[in-house]
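Thanks for coming. I have one structure to go through today, so please take a look at it before I start.

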Amino acid sequence: MFFRAWKSARSIAVIRTALTPSVIHPISGKETNLTDTQNETPKTTFAALGLGPKILQAIEEAGYDTPTPIQAKAIPQVILGGDVTGIAQTGTGKTAAFVLPMIHRLERGRARARMPRTLILAPTRELAAQVAENFEKYGKNLKLEMALLIGGVSFKEQEQKLMRGVDVLIATPGRLIDQFERGKILLTGVEVLVIDEADRMLDMGFIPDIEKICGLLPPRRQTLLFSATMPPEINKLAQRFQKDPMKVEVARQAQTAETITQYVVKLSRNDDKAKRTALRRIIESREVKNGIVFCNRKRNVDIVTKSLNKHGFDAAAIHGDLPQAYRTQTLDRFRDGDLKLLVASDVAARGLDVPDVSHVFNYAPPPKDEDYVHRIGRTGRAGRKGESVTIVTPEDEQSWDGVLKLIKQDVKDLDLPGLAEEIESLPEDTGGRGRGRGRGRGRDGGGGRGGRSGGRGRSRGGDRVQSEEAAPEKQDAKTNDAPEKKSAPKEERKDERPAKDAKPRNSRSSSRGGRSNKSDKSDKLQPASDGVRGFGDDIPDFLKR
């Protein structure tokens, strides 16, 4: 008994020693704020943070000897058992800041079937997989069981792991709720809840899922929130899921890393042909080892990828509508250096962990100013140098002003000789071409999903993006010449049709079962609906009913 009391007192003394150099002072309410800048953070070691010997061995084998500022401040607080809100810029080791103390706490105890002891929620599949990799790396010397619940993976394999019992459950909200509703998991034994990338998880689209999941958890638990940004309005929502949280902040909110050199290229035109041309010139002018191109829309991701490949660049797309197996394969190629350019939506901004990305290119400023920090945070990680370039058109000026106000710093203009003249010489997008613009865009575009919304989708979502593809520039018009070539034969057939004799068709149909009694109206082919493709003028009758 005396030995246990002495050991407990010694652990608390070690934790207090690690916290001594930091400044702790109360702020509004009962929340405690622990802030510091990276330069003021004292140098310490992982051993001084109170972690177990097996965890320290795994850290040493991974090649780390000194904790980052967010790790040095958050780990002791998590070990103490209170709620923690951790804020640090992207690429500073936030994941390890909660993974390491959680493994330390899980050394004691045993998992039970279908009842995980800790739960980590992540907004994307890629980010959930990244957290799982951290647990495998730092927990390899301990007998801990982990399950990863994400979409695009078989339910059966996940259910088998849950039945064996897991210590750590890493999940996206949708798949977690699916498994719970199927009766495959119980959440009453969860001791620690972690919400990674808290600002995105607590955004409007995730609030109902988070509330539902929190209602399934025991009220007495430790709740941790970690993110690169925490806007005030989202911070108020976070307080609903935490009790007297310790706020650990090692850098100003929405501050970009000093290792990233930021540039902006402003264009005089708004059309996408000018933006794609500028993007190619930017990439050619920089010494790009590997880079990520961020687009605001999934449709633009596909179009930009095709444009880059068409002009000889090694590029591949990744966004939420692609199959999970393809996304994983593409990310692996990019990590291994087999792919130079990754064209992505913001799904990759929160889940891609590639230590040595040389460049980030923004096809446009992000819809949410905070996402700019996450995007360019893919480069300049772990002390390495990186560059980011953002393309800004006249209609993007307001969004770009919001980004500048958020990061509170000036961004240099990137001078590209001859680009302005080249942009001005490009043909204007009149929007008059391509009657079939909605075709072939069923997955990402607005048109092409049935006759009801096809016309509307083409006029709103497709004109601007597809019209420049049809512009008469030889290099950019290979794929879009095909619809125009098809349209010519259609007109010739329409002209020749009056000269054809319809009797052979009638005689054939009559021999098959008396279809000759149909009216003359059925012999004249009617225009196909927008949702019908690939038959030319020979449209089967059953599709016209």
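This is a predicted model: local features need pLDDT of at least 70, side-chain atom pairs count only at pLDDT 80 or more; totals for chains, interfaces and linings use all residues.

The protein chain has 545 residues, and 49% of them are buried. Its secondary structure comes to 19 helices and 16 strands. Of the contacts in the chain with a separation of 6 or more, 73% are between residues 24 or more positions apart.

Seven strands make up an open sheet, in the order 12-13-11-14-15-10-16, with parallel pairing. At the edges are strand 12, residues 315-318, and strand 16, residues 412-413, each of which pairs on one side only. Strand 12 runs parallel to strand 13, residues 341-344, and four bridges join the two.

Two packed helices are described by the angle between their axes and the distance between the axes. Here the axes of helix 11 and helix 12, residues 298-310, come within 11 Å and cross at roughly 55 degrees. Because of that angle, helix 11 counts as oblique to helix 12. The crossing of the two is right-handed. On the helix 11 side, the residues that meet helix 12 are Asp272, Arg276, Leu279, Arg280 and Ile283. Helix 12 brings Asn300, Ile303, Val304, Ser307 and Leu308.

Next, the strand pair. Strand 3, residues 84-87, and strand 9 run parallel and are joined by four bridges. Thr85 is opposite Lys247 in strand 9. In a regular strand the side chains alternate between the two faces of the sheet. In strand 9, residues 246-249, Met246 and Val248 point one way, while Lys247 and Glu249 point the other way. Are these four buried or exposed? All are buried, the lysine and the glutamate included.

Last, the record. An unreviewed UniProt entry places the feature "domain: DEAD-box RNA helicase Q" at residues 44-72. Over residues 44-72 the model is 45% helix and 0% strand. The end C-alpha atoms of that stretch are 7 Å apart.

How values were computed: Residues are numbered from 1 along each chain as its sequence is written. Side-chain values use heavy atoms; hydrogens and water are left out. Buried means under 20% relative accessible area, exposed over 50%, partly exposed in between (1.4 Å probe, protein chains only). Two strands pair if DSSP finds at least two bridges between them. UniProt positions are given in the numbering used here, feature names are shortened, and annotations may be inferred rather than shown by experiment. Axes are lines fitted to C-alpha atoms, for helices over the stretch in contact, and angles run from 0 to 180 degrees between N-to-C directions. Angles under 35 degrees count as roughly parallel, over 145 as roughly antiparallel, 65 to 115 as roughly perpendicular and the rest as oblique. A crossing is left-handed if the near helix is turned anticlockwise from the far one by less than a right angle, and right-handed if clockwise. Contact means heavy atoms within 4.5 Å.
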